[in-house]
Amino acid sequence: LSEAVVSTQSTGEGEHLSKEALQTASGLDPAELSKCLATLVDSTMVIFDKDKETYSLNYGYTNRKAKFKLQTNTIKENSEKEVTTAYQSVDEDRRIYIQAAIVRSMKIRKSLTHNELIQMVINMSKDRFSPSISMIKKCVEVLIEKQYIERSATDKDTYQYLA
């Protein structure tokens with residue numbers, strides 16, 4: 001906010017600025033602007049002229065040890081849609097990682113039981129995240145549909161890698 005005051009005054013808009021001019025220069029919401037201005041006026045860094053209802057910088061302000069907090073909410077809240085999009089993106093990345101781990105495991109061993117495969121995938125991905133067993137099962141089914149792996153004809157609990 002003080003940068004906005006300085007920039008508008010240095011561009012030649014004048015010594016005294018109205019609240020509307022400060023709002024357009026700073027881009028803050030009216031409520032946030034009021035809080036910031038109140039803090040700056042209380043610290044005497046900015047002077048408020050009650051007659052003209054304008055604000056100006058106090059060029060005589062020299063207190064080096066003065067501390068004050070400007071309470072602005074510059075971080076906008078993420079909308080629910082953005083949050084769900086982020087979760088879906090992370091979930092999709094994890095699925096791809098699990099599928100790659102399954103293919104790597106199957107390339108190495110050529111044939112694995114279900115429990116061995118689950119354990120290998122969990123061990124491979126434990127540094128990044130802890131995958132759920134249901135997610136691993138879904139990824140196995142996807143890889144079976146894509147014909148990367150298949151269930152053994154003799155033992156339904158065993159998977160075989162298709163080259």
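Buried residues, meaning those under 20% relative accessible area with a 1.4 Å probe and protein chains only, make up 29% of the 163 residues in the chain. The model is a predicted one, in which local features need pLDDT of at least 70 and side-chain atom pairs count only at pLDDT 80 or more, while totals for chains, interfaces and linings use all residues. Residues are numbered from 1 along each chain as its sequence is written, and side-chain values use heavy atoms, with hydrogens and water left out.

**The whole chain**

Start by colouring the chain by secondary structure: it has six helices and six strands, where helices (H or I, at least four residues) and strands (E, at least two) are DSSP runs numbered from the N terminus. Followed along the sequence, these elements give the pattern α-β-α-α-β-β-α-β-α-α-β-β. If contact is taken as heavy atoms within 4.5 Å, then among contacts between residues at least 6 apart in sequence, 48% join residues at least 24 apart.

**Helices H2 and H3**

Next select residues 19-26, which are helix H2, together with residues 30-42, which are helix H3; the two pack at an angle of about 110 degrees, with their axes 10 Å apart. The axes are lines fitted to C-alpha atoms, for helices over the stretch in contact, and angles run from 0 to 180 degrees between N-to-C directions. H2 and H3 are therefore roughly perpendicular to each other, on a scale where angles under 35 degrees count as roughly parallel, over 145 as roughly antiparallel, 65 to 115 as roughly perpendicular and the rest as oblique.

Show the side chains where these helices meet: Lys19, Leu22, Gln23 and Ser26 come from H2, and Pro30, Leu33, Ser34 and Leu37 from H3. The residues of this contact divide into four nonpolar, three polar and one charged, with Ala, Val, Leu, Ile, Met, Phe, Trp, Tyr, Cys and Pro counted as nonpolar, Asp, Glu, Lys and Arg as charged, and the others, Gly among them, as polar.

**The sheet of E1, E3 and E2**

Now move to the three strands that form an open sheet in the order E1-E3-E2, with antiparallel pairing; two strands pair if DSSP finds at least two bridges between them. Strand E1 (17-18) and strand E2 (46-49) stand at the edges, each with a single partner strand, so one side of each is left without a neighbour in the sheet. Select residues 54-57 to see strand E3, which four bridges join to E2 in an antiparallel run, and find isoleucine 47 opposite serine 56 in E3.

**The salt bridges**

The structure holds three salt bridges, each a side-chain nitrogen of Lys or Arg within 4 Å of a carboxyl oxygen of Asp or Glu. Select Asp91, Glu92 and Arg95, which are linked in a network of salt bridges. The closest N and O atoms are 2.7 Å apart between arginine 95 and aspartate 91, and 3.4 Å apart between glutamate 92 and arginine 95. Because arginine 95 and aspartate 91 are four residues apart in helix H4 (residues 80-109), about one helical turn separates them.

Finally, select arginine 151 and glutamate 141, whose salt bridge has its closest N and O atoms 2.6 Å apart. This pair links distant parts of the chain, since arginine 151 lies in strand E5 (residues 149-151) and glutamate 141 in helix H6 (residues 133-145), 10 residues apart.

Notes
Buried means under 20% relative accessible area, exposed over 50%, partly exposed in between (1.4 Å probe, protein chains only).
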